[in-house]
Amino acid sequence: MVEDKTKNNNRMFIAVKIKNKYNSLKTFLKLLFTNKLTGFAFVVIAALVIIAIFAPIIAPYPDQGLGKVNLDEVFQSPNAKHIFGTDELGRDIFSRLVYGARISLSISIITIVIALIIAIPLGLISGYYGGVVDEIIMRITDIFLSFPPLLIAIVIASFLGPSLKNAVIAIAIAWWPSYARLIRAQVISVKQKPFISASKCIGTSDFKIMLSHILPNSIAPIIIQASMDMGSVILTAASLSFIGLGAQAPEPEWGLIISTSRRFIIDAWWYTVYPGIVIFITVLSFNLLGDGLREVLDPKTRVR
Amino acid sequence: MKKSIKKVSLILMVLCILLTLIGCGSNNTQPSESNEQNKENSENKLNMFTYVTHSDPMVFWDPAETWAAEIIVMQNLYESLVRIDPVDDSIIPVLATDWVRSEDGLEWRFTLREGVKFHSGKILTPDMAARSLMRTIEIGKGAAYVWDGVEDIVADGNELVFKLSRPLPLLQIVSASYGAYIYDPDIERDWYYEANADGTGPYKMMSYQKDSEMILEKHTDYWGGWDDKDGHFDVAVVKTIAESSIRRQLIVSGEVDFIQQLSVEDIEAIKNEPGISVSNVVSFQQLNAFLNTQKEPLNNKYIRQAISYLTPYQDIVDHVMMGNATQARGVIPPNLWGYGENLLQYTYDLDKAKELLAKGGYPDGGFKLLYTYTSGDTNLQKVGELLKDSFARANIDLELRAMTTDAKYNLTKAQDPNERQDITLLYWWPDNLDPVGYMDSQFHSEEEVGFNFAYYSNSEVDRLIDEAIELSGISIEEASEKYIEAQEIIIEEAPALFLYCENYIRPYRSDIKGYIDNPVYPNVVYFYDVYR
């Protein structure tokens, strides 16, 4: 009888939880779209994700997107057949940009995931235990943070050798320290809350406290920062490719396309301008989305 | 009340300090700025020639060591005994007025021009000339190897006597584009590297700013004289401008007179603009792609031949050089002795390539090759993209890797040949008018990797090259035959893709007269010869 009751209670609890979740998602989207700019950014990014996933269907010339040359149609200005024109080897620039979305989005997601995998445990340990461990970890992040991330990425990428994979590793290594500090700051403020003391009193292990009590309560600023950083990572990857340390020709990476197109800018403006616009809109959208997310996740900054 | 007075006085003090600082600053900077402006104005009146290059030309300052881009300045500051004109195959006397070769070819005597003055005012003596060349040989850096076989150089009266250990084509050596300058042998090396120069050339150093500009002014005591040189330039400026689109705009607007390097696409676009002339000459510069003959699968002759048939030579000439090049025929470029006009030229042929792949044990392709090139060289990137596209038709994957020059060279010299690249490229042009560099440096077997990036080794080819070198001082025809014979073997074994021999195309302002592009001295404008 007693057992049954708890079961029922549990069931009710789960139902409420699901309902809450559904409600919160609805509110979340509603809040996201109250700010028009955030809504716009969300739509752009959703569109980019769709374009990246369905690149072979969306690109009019998928093989050219991947680098096949088409020497009969070199340097065509934008026209009905090639809406963004063609490059010096006759490839359709629109197709290349569509395939480039795959590269840029996956670079930014993978980079940030790697950076978070490094940063979250270090930040948690550092903030939760404090003392010597904290000192050591924070001084290491200080060393990293005293250089501009692009510079660290350049050094690491040139050390590892130029390729897309190494560029991702290089950027992730340059990026984790700022996350580690952010998490640590959150952990320090959360760990002083009464519910953590309560957990400690009932004998919950440190590991469990960190993972199931502190982390969920300090993740919001990380999500905001990560979504804002997506844009910066795309930009950094493009910069690395621009100076020859990232993607290698003929990969359709946006930064690499701009780097190659630079010397044709006077005669073939479309070759530089369209990739530039694409990078601009993508980075802007991620920044706007980050701002919007902050408003949603942090009620204090919410505009009524 | 008291507090506000304190605040006001503090602000006043800060203002005073700021004003003094600004005052000091302007005292220091303004006059120099106006000086510069004056200088620029007077330079315009002085008649100035502006040469634009893409990176700072000065690498080596010591005329004994020079072997790089500084040739564009060095050839105006320093002179050699003679110069060579490959177009009408003539010898231009410079510091030597006359020369004789002994019967056995082991001794040459050059009569030195009299009354030649250095920029410092010193008079050039035969003894100085002899000692300066001996210093170059003893230092042994840069292009000093061209003097191999010269035992001793001594002054005898007004003559320079060259004593050789074997007959040599000495006129081609004393006219070398690097390493043949006559200079003051008593100057210490360090002095040169403080950005100084003292030669006998028609222009002398005035100022040098790294990565910006170098100003040369005319050497008033130049032996050639300036009396009949109306319209010639008092000052020549060598400007460094890295961005090609800016170089292009400067020449179109007429702000500069000559551009050393502009992409073929840019030149095609501006060649019909008013006021622009384009010089287009066949050069000796050849681009080869070396195949790693020590590594699977390119250690197999049939696979190398297949790759040779998979190369779209015509597309490369048409789209990389926009037609301003010719497909290379063997190792030695046309216009240079040793060129074989009947040698085999590979052409694009997919069927033949597939046949050869099957013969070599890879009937369906299915292997991957690494192509390394210097990052920033967009021509080589384009060649790579065209090769990748073409190789893909035979199911061969080509990975392109842009590398810094150092990293690329380090990879070519990796301990284990299997860690090295499969394909890498090299532009080759001669240090003097002799094909020896093309053959000996690129295809003679080597103990340590130098420029033989195919790691090619064939004792028969080695023997033919060695014999040709021996013969070159006695009979150019016989040496030529040996080189052609060696090239036949090389082409058959295909250790490299012989891509193209390019034309030098250089835009300059149409009001500049007297400019001749001499491909033996690449990129050089003889400022003394041009006028407006």
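This is a predicted model: local features need pLDDT of at least 70, side-chain atom pairs count only at pLDDT 80 or more; totals for chains, interfaces and linings use all residues.
B:Asn395 is not a glycine either, and its phi is positive at about 60°. B:Asn395 counts as partly exposed, because it has 14 C-beta neighbours inside 10 Å. Its loop runs between helix 11, residues 378-392, and strand 15, residues 397-403, of chain B.

Next, the cis peptides. In chain A, a cis bond joins A:Ala249 and A:Pro250, with omega about 0°. A:Pro250 is in the loop between helix 11 (220-242) and helix 12 (254-261) of chain A. In chain B, the cis bond is between B:Glu296 and B:Pro297, and omega is about -10°. B:Pro297 lies in the loop from strand 12 (276-291) to helix 8 (301-310) of chain B.

Chain A first. How many helices and strands does chain A have? The count is 13 helices and zero strands. Chain A has 304 residues, and 41% of them count as buried. Its C-alpha atoms fill a box of roughly 80 × 45 × 40 Å along the principal axes. Take contacts in chain A between residues at least 6 apart in sequence: 67% join residues at least 24 apart.

One helix in chain A needs a closer look. Helix 8, residues 164-191, has 28 residues. From first C-alpha to last, helix 8 of chain A reaches 39 Å, close to the 40 Å expected at 1.5 Å a residue. Where is helix 8 of chain A kinked? At A:Trp175, by about 30°, shortly before the proline A:Pro177.

The C-alpha trace of chain B spans about 95 × 80 × 50 Å along its principal axes. Among contacts in chain B between residues at least 6 apart in sequence, 70% join residues at least 24 apart.

How do the two chains meet? 17 residues of chain A are in contact with 22 residues of chain B. On the chain A side, that is nine nonpolar, four polar and four charged residues.

Last stop, a helix pair in chain B. Helix 13 (residues 436-443) and helix 14 (residues 459-471) of chain B have axes that come within 11 Å and cross at roughly 150°. The crossing of helix 13 with helix 14 in chain B is left-handed. Which residues meet? From helix 13 of chain B, B:Val436, B:Met439, B:Asp440 and B:Phe443; from helix 14 of chain B, B:Val461, B:Ile465 and B:Ile469. By class, this contact in chain B has six nonpolar, no polar and one charged residues.

B:His444 lies in the loop between helix 13 and helix 14 of chain B. Why does B:His444 count as buried? Because it has 21 C-beta neighbours inside 10 Å, and the cut-off is 20 or more. Leaving out residues up to four places away in sequence, B:His444 touches B:Met439, B:Asn452, B:Asp462 and B:Ile465. Between B:His444 and B:Ile465 there are 21 residues of sequence separation, and 7.4 Å from C-alpha to C-alpha.

Note on methods. Residues are numbered from 1 along each chain as its sequence is written. Chains are lettered from A and ligands numbered from 1 in the order in which they are written. Axes are lines fitted to C-alpha atoms, for helices over the stretch in contact, and angles run from 0 to 180 degrees between N-to-C directions. Helices (H or I, at least four residues) and strands (E, at least two) are DSSP runs, numbered from the N terminus. A crossing is left-handed if the near helix is turned anticlockwise from the far one by less than a right angle, and right-handed if clockwise. Two residues are in contact if their C-beta atoms, placed from the backbone, lie within 7 Å. Ala, Val, Leu, Ile, Met, Phe, Trp, Tyr, Cys and Pro count as nonpolar, Asp, Glu, Lys and Arg as charged, and the others, Gly among them, as polar. A residue is buried if 20 or more other C-beta atoms lie within 10 Å of its own, exposed if 12 or fewer, and partly exposed in between; C-beta atoms are placed from the backbone. The expected span of a helix is 1.5 Å times one less than its number of residues. The bend at a residue is the angle between axes fitted to the seven residues ending there and the seven starting there.
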